[in-house]
Structures are given as C-alpha cells and as structure tokens.
Amino acid sequence: MTTITRRRFVQYGIGAGAALALPWSVRPALASAGHKLMPYLEPLPLPGAGIVVATPTGPNQYSFSETQIERQLHPQLPSTPVWAYDDGSGLTGQAGSFGMAVVAQSGTPLTVSFTHNLPSTYPDWLPVDTRETPLGNQVRLMTHLHGGFVAGDSDGNPALTPNGFGPGETQTVYYTNQQPQMPASLLWFHDHGLGATRLNVVAGLAAAYIVRDEFDTGAEPNPTGIPGGPYEIPLVIQDRQFHRDGTFLYPVSDIPGAVWIGEYFGDVMLVNGKVWPFLEVEPRMYRLRVLNGCNARILNLDIPGTRTWQIGAEGGMWDKPVPVTRLVLAPAERADVLVDFSRVSGAILPMKNLKPLKPVSSPAPSLTQVMEIRVGTRITQPGPSTIPTSLPGRAANIAGPVATTRYITLNEIGAETVDWFLNLNGMDFERAPTETPSVGTVEDWVYINLTGDTHPMHTHLVTFQVVGRTPFDVDAYQSTYGGPNGAPGGIDPTPFATGPMLPPEPTERGFKDTVKANPGYFTTVRAKYELPKGVTTPQTYVYHCHILEHEDNDMMRPFMVTA
Ligand SMILES: [Cu+2]
C-alpha cells in the first residue's frame with residue numbers, strides 16, 4: 001500500500017493533466033449512431049466467407065502483422081477503421097471487424113509471430129488513460145492466446161513484458177497445443193497490452209483459434225457424430241458503439257481528471273464483426289460455437305430453435321451433452337452447442353440477449369437484439385439427426401490432494417471518483433507474485449467477491465474445475481478485514497458463510513478458464529499447476545478479471561509456478 005505504483009506515480013506526476021490534453025474534452029459528447037441502424041441487413045461472416053482462415057507461412061508456422069484496415073460494418077454506417085491480424089493475405093477475405101481464425105491440431109505445436117504495424121500513438125477514437133499505460137499514449141501491443149498451455153515467455157504476459165511491443169517490433173511465441181491440456185476446443189487470441197487491453201480489443205485485435213483432434217475433425221461426418229463443415233458456425237459476439245463518422249465510439253469518463261471508464265457497453269451488437277447480421281440455415285442440426293468477446297457485457301442468449309444441447313466449454317468437449325435453454329456467458333466464456341432447426345423449417349428466429357438472472361449481476365443497459373436466424377426449407381446434406389449419448393471429452397474431476405487453498409479478494413476502491421480502481425488481494429499489479437503454486441500440485445483458489453457485480457475470473461496457463469459457490473456475509477467480512485485498499489488476500493471466509501456451498505451449474509461440467517465470481521458468494525475453483533513439457537520452473541503468468549476495463553485498472557495479479 002505504501003509502494004509508489006505505476007498508477008500513483010503518474011497520478012501525482014506528469015500524468016495529472018493527461019485527460020485535458022485529449023481532444024475529447026473539447027469534443028461534445030456525440031450521440032452514438034447505433035440506435036438508427038436497421039438490423040439484419042447483412043449476412044453473418046463465416047470462415048472462408050468473411051472470416052479468413054489463416055494461411056501458414058511455413059510448416060506449423062504463422063506470421064501475423066497487426067495492421068489497420070477499413071471495413072463497413074453496417075450498410076448505414078461509413079467505413080470503420082479496424083485493427084486486424086493480417087496473416088499475409090492482405091485481409092481481402094475479412095468482411096467485418098472480426099475476421100481471422102487459426103486452425104490448429106491438438107498435439108502439433110505452432111510457432112507464431114506478431115509484428116506491430118499499427119500507428120505508434122493512439123488515434124483520438126481510442127481514449128487512452130495514460131495513468132494506466134507504461135509508455136503514455138504509445139501503442140504497445142502484446143498478443144495472448146486465451147486458453148493456451150504455454151511457457152511464460154510465449155504467454156503474451158504483461159508481468160514479464162510490461163512494455164509490450166512497439167512499432168516494427170515482433171513478438172514470437174510457441175504454442176504447444178500439448179495434450180491433454182489443449183484438447184479440441186475454441187480458444188481465441190487477443191491483445192493483452194498493459195493498461196490498454198480494452199482499447200486494443202475494441203479496435204479489433206481479437207481472433208479465433210480452433211483446436212482440432214481425431215474426433216473433432218470439423219468435417220461431416222466425424223467420429224463424434226456432430227455437425228461439421230458448413231453446419232459448424234462460430235459466433236463471436238461483441239457489443240459496440242459508433243460515432244457518426246463510422247469510428248468506434250469508446251466513451252471517456254465524465255469524472256474530471258479521469259479518462260478510464262468502469263465498464264464499456266455497446267448499443268449495437270456485432271456478431272463475427274458485423275452489426276446485427278442474419279444467418280441462413282437449413283432445417284437440420286447445427287453446431288454453434290459461441291464466444292462472448294464483449295469487453296464487459298454478460299450475455300444471456302436465448303438460442304432459437306426447438307432443442308439445444310451444450311457439449312463443451314472453454315476447456316474442450318465434455319463426456320456427454322447437457323440440455324440448455326439459455327447461454328449465460330461472461331466475457332471470454334465459450335459454449336459449444338448443438339441446435340436442432342429441423343422442426344422450424346421456414347421460420348425466422350431472432351437470437352435475443354436477455355438480462356442475466358441473479359446471482360449474476362451487471363450494470364449493463366439492455367441490448368436485446370443479437371442476430372436473426374432464417375431457416376430455409378431445403379436440406380443439402382442431412383447430417384446427424386440425433387444427439388450423441390456420449391462424447392469423446394471429459395468432465396472436470398480433479399483428483400486431490402489439494403496442496404494449498406488460496407483466498408483471493410476482489411475489491412473496488414473509490415468508485416465514481418477520479419481515483420476509482422479495482423484490485424485483487426488489496427495489491428497493485430506491480431507487486432511481486434503472492435500466488436506461487438508448486439509445479440504439478442493441485443490448488444483451490446477461492447475468489448471472495450467484495451464488490452456489487454459479477455467478475456469473470458480468468459487464469460492463464462491452466463484450466464480448472466468449478467468446485468462451487470458459497471453465500472457469505474459480505475458486509476461482515478468487509479468490516480472485519482477491509483482497509484483503504486480493500487481487504488487483503490489469504491483470509492478464509494468460511495466463518496462468514498451464510499449457507500452451504502452450491503454445486504457448479506450443469507454448464508460448468510467441464511474444464512473452464514474463466515469463471516463467474518458472483519457478488520454475495522465466494523467461488524472455489526480447482527486446478528493442477530502443470531507446465532508444458534521441457535519448460536522449467538519458475539514461470540510467471542497472470543490471472544485477472546476478464547472485464548477488460550477492470551483488467552486494465554488494476555484487477556490483475558501475477559502468479560508464479562515454482563519448483
Ligand atoms: Cu471485474
């Protein structure tokens with residue numbers, strides 16, 4: 001608490017007038033252009049038809065450059081500057097603001113490079129808060145493979161490389177795709193620049209990373225008996241606002257002296273990088289692979305159709321399908337679902353986003369429309385007509401013993417003031433790691449939420465089992481242990497429990513890399529802290545809230561896998 005941190009140093013020093021230097025202070029708040037846009041005018045971009053499937057530059061090797069392109073994201077909008085990952089193709093195949101997918105094979109490692117070809121300083125449509133960034137308004141990039149089981153220096157890791165990569169510089173990483181830690185699954189890679197992740201991702205720096213194996217081949221038919229080929233549809237959902245000139249609108253704080261805002265919520269929904277698209281399907285079974293790519297919005301998706309089953313989540317496929325009616329996905333959570341349109345031939349079905357039910361809590365304003373599904377009447381290829389009774393994946397059931405249980409507090413400090421920030425364990429990001437699991441051991445991490453909202457907690461390196469959520473007396477815990485920087489970590493909240501631990505949701509059956517830590521509960525997850533083959537201790541990673549505004553300020557901590 002007495003350390004002079006990045007934030008406080010600049011707050012009391014050179015950064016004090018930063019907000020005044022931005023053109024935003026003289027630009028009147030523009031009404032977002034979103035409410036005037038007519039939905040469902042353009043088709044959903046698909047792999048090979050609006051989403052580029054990356055071309056390797058050598059055997060098991062990809063070379064991307066981060067570059068600015070312009071795309072029209074809706075027919076009633078001017079074109080939008082978008083930051084994109086270019087595989088060398090020039091991105092003529094990218095239709096919208098999301099448009100790149102790597103297809104990897106479980107067990108086959110990849111070498112990937114990312115070269116910064118973007119502007120050296122932030123444009124005025126991306127309002128950087130220079131109190132949070134290591135190098136002011138310089139654009140510093142770092143790509144993280146979300147869900148990757150990799151060495152620390154291939155992680156895109158703001159603890160190891162806080163300054164990221166500047167213009168002309170190249171980040172080179174080695175993605176192990178090692179089994180069983182990286183089974184067939186939908187991962188994604190996105191920018192993780194320190195203090196600017198929220199802006200770099202809004203600008204477009206996010207892409208899909210699809211891992212295949214001998215069962216989940218992506219073809220139809222396949223050994224799993226699920227839809228494939230054109231009947232497997234990725235859905236990357238992101239909410240955005242727009243200026244009338246087509247640029248993304250990212251609001252600046254209305255608190256004098258602050259630029260950072262607590263959470264970014266859009267007033268239009270983009271799916272695969274297009275505003276409110278439509279999707280034409282045949283009256284048969286489909287596989288939808290849904291990723292919540294929003295900065296802060298928790299989705300509660302009503303999947304239209306007659307019957308829906310979830311078959312997997314972040315950590316890959318499960319052992320059996322689970323019937324679902326709604327998909328409640330916090331930022332970075334994924335759902336792999338089978339949807340049967342066979343009984344709704346000819347129907348026009350809206351996919352809607354509803355307010356998430358308690359105990360999930362979010363201040364997001366309503367945004368109901370997502371996309372429209374148009375069911376045709378003809379079937380080109382029948383595909384599977386039944387749901388498999390078993391799947392070639394796994395339920396999460398980590399055998400003990402649990403070597404260590406760690407108690408991690410989630411704190412919000414100075415809300416609605418110029419000094420507003422969030423933290424973990426009452427500590428700033430820059431402090432040395434306090435979570436130091438021994439390699440190969442199993443640990444329980446208990447997220448003690450002392451704030452009013454749900455935080456999607458994401459751990460790099462590992463996937464985990466959700467053990468459960470326990471209601472507790474937040475006020476009593478807070479008044480006993482809280483301080484000016486929040487409550488410290490390391491204190492067991494069990495004496496404050498007000499009821500028994502609730503089991504995981506049916507949709508938390510498998511391994512996950514992001515868990516909803518709801519207010520009023522402490523949430524326990526269990527992971528085995530292994531390292532990739534040939535990688536030796538110590539290795540440093542980070543864990544953080546995946547609400548990108550929170551991650552940037554300052555709800556993120558390093559952790560170290562030790563001997
Ligand atoms: Cu958060």
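A: Let us begin with a definition: helices (H or I, at least four residues) and strands (E, at least two) are DSSP runs, numbered from the N terminus. Pro180 is placed in the loop between strand 8 and strand 9. The structure is a predicted model, in which local features need pLDDT of at least 70 and side-chain atom pairs count only at pLDDT 80 or more, while totals for chains, interfaces and linings use all residues. Residues are numbered from 1 along each chain as its sequence is written, and side-chain values use heavy atoms, with hydrogens and water left out.

Q: How many helices and strands does the chain contain?
A: The chain has five helices and 31 strands.

Q: Does Pro180 count as buried or exposed?
A: Buried means under 20% relative accessible area, exposed over 50%, and partly exposed in between (1.4 Å probe, protein chains only). Pro180 counts as exposed because its relative accessibility is 52%. The C-alpha atom of Pro180 is separated by 40 Å from that of Gln478, 298 residues apart along the chain. Of the 563 residues of the chain, 61% count as buried.

Q: Which residues coordinate the copper ion?
A: Donors are N, O and S atoms within 2.8 Å of the metal (3.2 Å for Na, K and Ca); water is not among the atoms, so sites may look incomplete. Here the copper ion is coordinated by His455 through ND1, Cys545 through SG and His550 through ND1, at 2.0 to 2.1 Å. The spacing of these donor residues in sequence is H-x89-C-x4-H. Cys545 counts as buried because its relative accessibility is 0%, and His550 counts as buried because its value is 5%.

Q: Where are cis peptide bonds found in the chain?
A: Most residues other than glycine have a negative phi, and most peptide bonds are trans. The bond from Glu220 to Pro221 is cis, with omega near 5°. Pro221 belongs to the loop between strand 10 (206-212) and strand 11 (232-240). Another cis peptide bond joins Thr537 and Pro538, with omega about -5°. Pro538 lies in the loop between strand 29 (521-528) and strand 30 (539-545).

Q: Which residues have a positive phi although they are not glycine?
A: Asn177 has a positive phi of about 50°, and Ala332 has one of about 85°. Asn177 is found in the loop between strand 8 (170-175) and strand 9 (185-191). Ala332 lies in the loop between strand 19 (326-329) and strand 20 (334-340). Asn177 counts as buried because its relative accessibility is 0%, and Ala332 counts as buried because its value is 0%.

Q: What is the radius of gyration of the chain?
A: The radius of gyration is taken over C-alpha atoms, and the globule rule is 2.2 Å times the number of residues to the power 0.38. For 563 residues a compact globule would have a radius near 24 Å; the chain has 22 Å, which agrees. The C-alpha trace spans about 70 × 60 × 45 Å along its principal axes.

Q: What share of the contacts joins residues at least 24 apart?
A: Contact means heavy atoms within 4.5 Å. Among contacts in the chain between residues at least 6 apart in sequence, 81% join residues at least 24 apart.
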